[in-house]
Amino acid sequence: MRVLITGAAGFLGSHLVDRFLADGCEVVGVDNLVTGSRANLEHLEREPCFDLIEHDISKPLFVEPKLDGVLHFASPASPVDYNALPIQTLKAGGPGTHNALGIALRHRSRFLLASTSEVYGDPKVHPQLEEYRGNVNPVGPRSVYDEAKRYAEAMTMAYHRTHSLDTRIVRIFNTYGARMRPADGRVVSNFIVQGLRGAAMTIYGTGEQTRSFCHVEDQIEGIVRLFHSERVDPINIGNPDESTILDLAAIVGEETGSRTAPVFRPLPPDDPAVRCPDISAARRELGWGPTIGLRDGVRKTIPYFRGLVEQA
């Protein structure tokens, strides 16, 4: 197979590149390197089955020869990034999705969209089923990401219904692991870097809000299984083992050896109070479920950030 992956130099995109190469595929990566990093792909510099095109997917792109799959992962994906790059985020979800779908249509290839649990907003239903339509503020500071992904899902389904394009939609819940940027504002990377530096972990709100943290190895396995499945409707891929932010801080503190008391800051607008996927569909249709618990996943992730902290 030959696949194209947008956002290939990003956190999830680079892991996805590795997985498809390991599975014997040729991979074309596309990234404009606004939030992605060449460092995530430097181990592939001499890989003959991988090419990286530096390009903004919100602008048209012509790719040859034949592609068997297009996976659209290009987008700023952390609050720090999409608040700093609001228009670019909307363009990645709007024209970027349109262009990626256009590439898939020209090649009659399978298309997979990376969507997000953020389409559920601050949910009134818990845990979140795929059928839940969400509680989203369309004009709040998080809306540039939420609405970009909701639009991208609508565009994907429009191509499926209008052009009979073979499409997949994955709703990704909080994922963490190596290759996250240390200053991207995500809570796992924030806590680990602060813990390794002996600094106070920054907790927003009371810390009682919940998240469901999925290690990147589990997430990639779920995405690949979805790509090879026959599931067209959106599907949740995440870890249903729900934890509070205080729980995460305690685990990171223990694993990094940090004994510094956390500091508390005001909760940002529209920050979800709860987040937990119902993964019944993934278990049933993909035979998938997470295998790495939060503590073990944190242990796997710390060495990567320790290397970055020691280099700084």
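The structure is a predicted model, in which local features need pLDDT of at least 70, side-chain atom pairs count only at pLDDT 80 or more, and totals for chains, interfaces and linings use all residues. Residues are numbered from 1 along each chain as its sequence is written, and side-chain values use heavy atoms, with hydrogens and water left out. Helices (H or I, at least four residues) and strands (E, at least two) are DSSP runs, numbered from the N terminus.

**Confidence**

- The chain has a mean pLDDT of 97, and 100% of its residues reach 70 or more; pLDDT is the predictor's confidence in each residue, from 0 to 100.
- Confidence in the chain is lowest in α2, with a mean of 92, and highest in β4, at 99.

**Helix α5**

- Helix α5 covers residues 143–163, and its 21 residues should span 30 Å at 1.5 Å a residue; the end C-alpha atoms are 29 Å apart, which agrees. The expected span is 1.5 Å times one less than the number of residues.
- S164 follows α5 and has a positive phi, near 55°.

**Helix α10**

- The 18 residues of α10 (residues 294–311) should span 26 Å at 1.5 Å a residue, and the end C-alpha atoms are 26 Å apart, which agrees.
- A kink of about 30° lies at I302, shortly before the proline P303; the bend at a residue is the angle between axes fitted to the seven residues ending there and the seven starting there.
- I302 is also one of the buried residues of α10, together with L294, G297, V298, T301 and F305.
- These buried residues pack against β7 (175–176), α6 (187–197), β10 (214–215), β12 (243–244) and α8 (245–256).

- Strand β1 (residues 2–6) pairs with β4 in the parallel sense over 4 bridges; two strands pair if DSSP finds at least two bridges between them.
- V3 has G69 of β4 as its bridge partner, and G69 in turn has R110 of β5 as a bridge partner.
- β4 and β5 run parallel and are joined by 4 bridges.
- β5 and β6 also run parallel, joined by 6 bridges, and the partner of A114 in β6 is V170.
- In a regular strand the side chains alternate between the two faces of the sheet.
- Strand β4 (residues 69–72) is covered on both faces, with G69 and L71 buried on one side and V70 and H72 buried on the other.
- In β5, 7 of its 7 residues are buried: R110, L112, A114 and T116 lie on one side, and F111, L113 and S115 on the other.

- H107 belongs to helix α4 (residues 95–107) and is buried, with a relative accessible area of 6%.
- A polar atom of the H107 side chain lies 3.1 Å from the backbone nitrogen of L67.
- P65 sits in the loop between β3 (50–54) and β4, and the peptide bond from E64 to P65 is cis, with omega near 0°.

**Other backbone features**

- The peptide bond from H126 to P127 is cis, with omega near -5°; P127 is in the loop between β5 and α5.
- R179, in the loop between β7 and α6, has a positive phi of about 85° although it is not a glycine. R179 is buried, at 16% relative accessible area.
- D270, in the loop between β13 (263–265) and α9, has a positive phi of about 65° and is not a glycine either. D270 is partly exposed, at 34%.

**R283**

- R283 lies in helix α9 (residues 280–286) and is partly exposed, with a relative accessible area of 47%.
- R283 and G222 are 61 residues apart in sequence, and their C-alpha atoms are 9.7 Å apart.
- Leaving aside neighbours within four places in sequence, R283 is in contact with P240, W288, G289 and P290.

Note on methods: Buried < 20%, exposed > 50% of the residue type's maximum accessible area, 1.4 Å probe, protein only. Polar contact = N/O pair within 3.5 Å; in protein donor to acceptor, adjacent residues only side chain to side chain. Contact = heavy atoms within 4.5 Å.
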